[in-house]
Amino acid sequence: MTNWLSAGLRPQAVVANDDEMAIGAIQSLKQAKLLLRTIVAGIDATADGLAAMKAGDLKATVFQNAPAQGTGAVDAALKLAKGENVPSFVWVPFELVTPGNLTNYLGRH
């Protein structure tokens, strides 16, 4: 992000592959005094990401429900071991986290 800003780029939004990358972008945008004009989102709903959201810096993140993913994988493996049919895709929906529902995700990791 710092390199892009130094090159004169002024993004309107940043969608990072994880919350730590989003926090790095936030730090660069703050230093350049551009954070208020840029929407930043991350993925993973980490404790640091949620703290950045609570501070008003991160606008969105995505909670990946690891316990539900694990349960889905084990359930599918057990069914396969028993010779039962399983769907080719076990869907565990990601959950959008915003300032509006932030409190539902605090402490879930």
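Modeller: A polar contact is a pair of N or O atoms within 3.5 Å; within protein, one must be able to donate a hydrogen and the other to accept it, and residues adjacent in sequence count only if both atoms are side-chain atoms. This is a predicted model, where local features need pLDDT of at least 70, side-chain atom pairs count only at pLDDT 80 or more, and totals for chains, interfaces and linings use all residues. Residues are numbered from 1 along each chain as its sequence is written, and side-chain values use heavy atoms, with hydrogens and water left out.

Biologist: What makes Asn-65 a cap of H4?

Modeller: A side-chain oxygen of Asn-65 lies 3.1 Å from the backbone nitrogen of Ala-68, at the N-terminal end of H4. The cut-off is 3.5 Å, so the pair falls within it.

Biologist: How do you know what span is expected for H4?

Modeller: The expected span of a helix is 1.5 Å times one less than its number of residues. H4 (residues 66-81) has 16 residues and reaches 22 Å from first C-alpha to last, close to the 22 Å expected. Helices (H or I, at least four residues) and strands (E, at least two) are DSSP runs, numbered from the N terminus.

Biologist: Why is Val-97 called buried?

Modeller: Buried means under 20% relative accessible area, exposed over 50%, partly exposed in between (1.4 Å probe, protein chains only). Val-97 has 0%, so it is buried. Its place is in strand S4 (residues 95-97), and its C-alpha is separated by 5.2 Å from that of Thr-61, 36 residues apart along the chain.
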